[in-house]
Amino acid sequence: MAGYVGILVSDPWLQNQFTQVELRSLKSHFIAMRRENGRLTLAEMPAKMSRLKHVGENLTEQERDSILRDSYEKLDDDVYLKLQAHISARLGGGPKNSSAFLKSPTSTLLHTISASEKASYVSHINNYLAEDEFLKGYLPIDPSTNDVFEIAKDGVLLCKLINVAVPGTIDERAINTKRVLNPWEMNENHTLCLNSAKAIGCTVVNIGTQDFIEGRRHLVLGLISQIIKIQLLADLNLRKTPQLVQLVDDSKDVEELMSLAPEKILLRWMNFQLKKAEYPKTITNFSSDIKVKKRAEDAEAYAHLLKILAPEHNNPSTLAVKDTLERAKLVLEHADKMGCKRYLTARDIVEGSPNLNLAFVAHVFQRRNGLSTQIKQISFLETSLDDALISREEKAFRFWINSLGHSTYIDNVFEDLRNGWVLLQTLDKVSPGIVNWKVASRPPIKMPFRKVENCNQVVKIGKQLKFSLVNIAGTDIVQGNKKLILAYLWQLMRYNMLQLLKLLRFHSHGKELTDADILEWANSKVKMSGSQSHMASFKDKGLSNGIFFLELLSAVEPRAVNWSLVTKGETEEEKRMNATYIISIARKLGCSIFLLPEDVTEVNQKMILTLTASIMYWFLKQRIEERPCGASDTESGSQSETTSNSTIDDTASESSTD
């Protein structure tokens, strides 16, 4: 079966006869056949192939049977060549029938993907999802083929991979997992996947559900790469691995370490270990500094790192060998003896593949970080309830800002917003034209007063937008005042939501929307559905069981909630189960939300408002899209404005103003 599927996209003759769309469709049908029963025998093929558009329509079952039996001893290109020769003769086939799709600017042929990266990520998937009950029928995937892209088309694989990277992100009860899914169910899975990917920190700008349906391989592989990277770097923070405190000398350095991106911490850890190994150089990246260069002395970083981490497996000849490829092979043999899964080949080391080298080093860190477990208790690592809430809110606002599609990706709002530039970009996204770019300074900014000028404009615009900014100045942002920065970001995020809702609200007539309007709408929808549930406010402790939001989701989309999966919400565990289900169902509908189950069970007022507003936005946007072409703009707002601004939860476009 794998041989049949692989031939579909690799045979040049077929690619001349059929469009890429037709070939992908043909391959998808074969994959679907395999999914139904887990296997596909030669005897079953003639009848099954009646479902394939070109083969089924143009060859009788007897003809298909005859050709297959003639070729069964050698299941290679000949089978398809013979089948397609018959079809081509009947259709008058030839290159002239090729589609213009091959010349289309959206064709995946214009994008290249790394075969090494694909093979490594497929091996990762095979390793971490091997025991998944649903995916057992599809795994292991052959890394040498493109089957991973076909299997990913129903969205299940990607949702499962997100849960491996950040356990509990998606409530698997919300995933559509029938063996054969219809297009609507696949679209729901992809919507859930993309919104969940954003919620764990992936950048999915300009990626939509249609890209998965059309099988755009570079986009699928790019998302898989981000998900795996998040998984591999998950332990690179002081809360997960407090031993990392050994990388710094004093508390001031610790604060700096806590603000670093995980990959930068990984580099610092690597250099820390290399220094112990008396390696004289500093590694600054996972590409040019890692790769084996022609000079023998420049090929030592990995050898020294593994020697200091696992001296018992050291091969003395590794540093002595002069052939670059051979040295890389010896390094990987050492890693294998340590139990480290290979994410790269010797050739990847030689060529300096940044993604695969980062994955490899991160995996080495996970397996053996070489840090002492005997460290004294550090007071600042003890997390208070307030600190935990600040951390959750920082993550939510960070992911929201990154989802807007800025050119700069931020890793920590308290550090990366201090020069004011990203805040000005965000303000311009939320309210186009409001920033005076003539007096703004673009990074890198060397002079401190320029940063203050940027942040002063941020505060000035905030007051213009009627934010509550008592005793807040630009210097507070420059100095990284956590509570004041979070307060500003919350008001900015809330303003964005209210503006988008204002554009969609049928009867707003330009009136500013308030939190009370959102509350009234939610209660009205639930009441109209026949339920007695009620939300007194966004801090109503009765919301902790999740029942109200399940009622609301069911009211806006009756088929959204499977009530047989809902708990009574009486115990803490039942409340959490309902909360995870609520978040996944909302994302599955199309809501781009960044809250955690704890925000529901603990009734975090800010995040509860965010959740309610996102559901309201989705519902009103659906009404706009379903509105007849001749409907009056006065009834539902300007269609052009809606189209250009309704992106708070649109998985196909991430900019809130594009």
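This is a predicted model: local features need pLDDT of at least 70, side-chain atom pairs count only at pLDDT 80 or more; totals for chains, interfaces and linings use all residues.
Switch to cartoon view next. The chain has 32 helices and 0 strands. Of its 658 residues, 53% are buried. Now think about contacts between residues at least 6 apart in sequence: 62% of them join residues at least 24 apart.

**Colour by confidence**

Colour the chain by pLDDT. The mean is 80, and 73% of the residues reach 70 or more. Select residues 292-298. Here the pLDDT is below 50, and the stretch has 13 contacts beyond near neighbours in sequence. Then select residues 629-658. pLDDT stays under 50 there too, and the model has 83 contacts for this stretch beyond four places in sequence.

**Into the core**

Which residues touch the most other members of the largest nonpolar core? Select Leu223, Leu266, Trp269, Met270, Leu427 and Phe549 to see them. The core holds 173 residues. Its largest share comes from helix α25, residues 482-504, which gives 13 residues.

Zoom in on leucine 223. Set aside its neighbours within four places in sequence. Its contacts are then Leu158, Cys193, Leu194, Ala197, Cys202, Val204 and Phe212. Show these side chains together with Leu223.

**Ring to ring**

Now show the aromatic side chains. How many aromatic pairs are there? The count comes to 8. Select tryptophan 521 and phenylalanine 619. Their rings form a tilted pair, 5.9 Å centre to centre, with 45° between the planes. This pair links distant parts of the chain: tryptophan 521 is in helix α26 (residues 515-528), phenylalanine 619 is in helix α30 (residues 605-626), and they are 98 residues apart. Are these two residues buried or exposed? Both tryptophan 521 and phenylalanine 619 are buried.

Move to phenylalanine 548 and phenylalanine 549. This pair is edge-to-face, with 5.6 Å between centres and 85° between planes. Phenylalanine 548 and phenylalanine 549 are both buried. You have already met Phe549, one of the core residues that touch the most other members.

One more stop for rings: select Phe467, Tyr488 and Tyr495. Ring pairs link these residues into a cluster.

**Charges over rings**

Select arginine 173 and tyrosine 581. The charged end of arginine 173 sits over the tyrosine 581 ring, 4.8 Å from the ring centre. Next, select arginine 179 and phenylalanine 134. The charged end of arginine 179 sits over the phenylalanine 134 ring, 4.7 Å from the ring centre.

Switch to the backbone. Most residues other than glycine have a negative phi, and most peptide bonds are trans.

Select leucine 139 and proline 140. A cis peptide bond joins them, with omega about 0°. Proline 140 lies in the loop between α8 (115-128) and α9 (147-151).

Select proline 443 and proline 444. The peptide bond from proline 443 to proline 444 is also cis, with omega near 0°. Look for proline 444 in the loop between α22 (421-430) and α23 (448-464).

Go to glutamate 278. Its phi is positive, about 65°, although this residue is not a glycine. Glutamate 278 lies in the loop between α15 (262-276) and α16 (301-309). Is glutamate 278 buried or exposed? Its relative accessibility is 70%, so glutamate 278 counts as exposed.

Now try asparagine 471. Its phi is near 60°, again a positive value in a residue other than glycine. Asparagine 471 sits in the loop between α23 and α24 (474-478). What makes asparagine 471 count as exposed? Asparagine 471 is exposed because its relative accessible area is 72%, and the cut-off for exposed is over 50%.

**Last stop**

Select glutamate 453, in helix α23. Glutamate 453 counts as partly exposed because its relative accessible area is 32%. Glutamate 453 and glycine 420 are 33 residues apart in sequence. Draw a line from C-alpha to C-alpha: glutamate 453 and glycine 420 are 8.3 Å apart in space.

Technical notes:
Residues are numbered from 1 along each chain as its sequence is written. Side-chain values use heavy atoms; hydrogens and water are left out. Helices (H or I, at least four residues) and strands (E, at least two) are DSSP runs, numbered from the N terminus. Buried means under 20% relative accessible area, exposed over 50%, partly exposed in between (1.4 Å probe, protein chains only). Rings of Phe, Tyr and Trp (its six-membered ring) pair if their centres lie within 6.5 Å; planes under 30 degrees apart count as stacked, over 60 as edge-to-face and the rest as tilted. A charge sits over a ring if NZ of Lys or CZ of Arg is within 6 Å of the ring centre and within 35 degrees of the ring normal. pLDDT is the predictor's confidence in each residue, from 0 to 100. Contact means heavy atoms within 4.5 Å. A nonpolar core is a set of buried Ala, Val, Leu, Ile, Met, Phe, Trp, Tyr and Cys residues joined through side-chain atoms within 4.5 Å.
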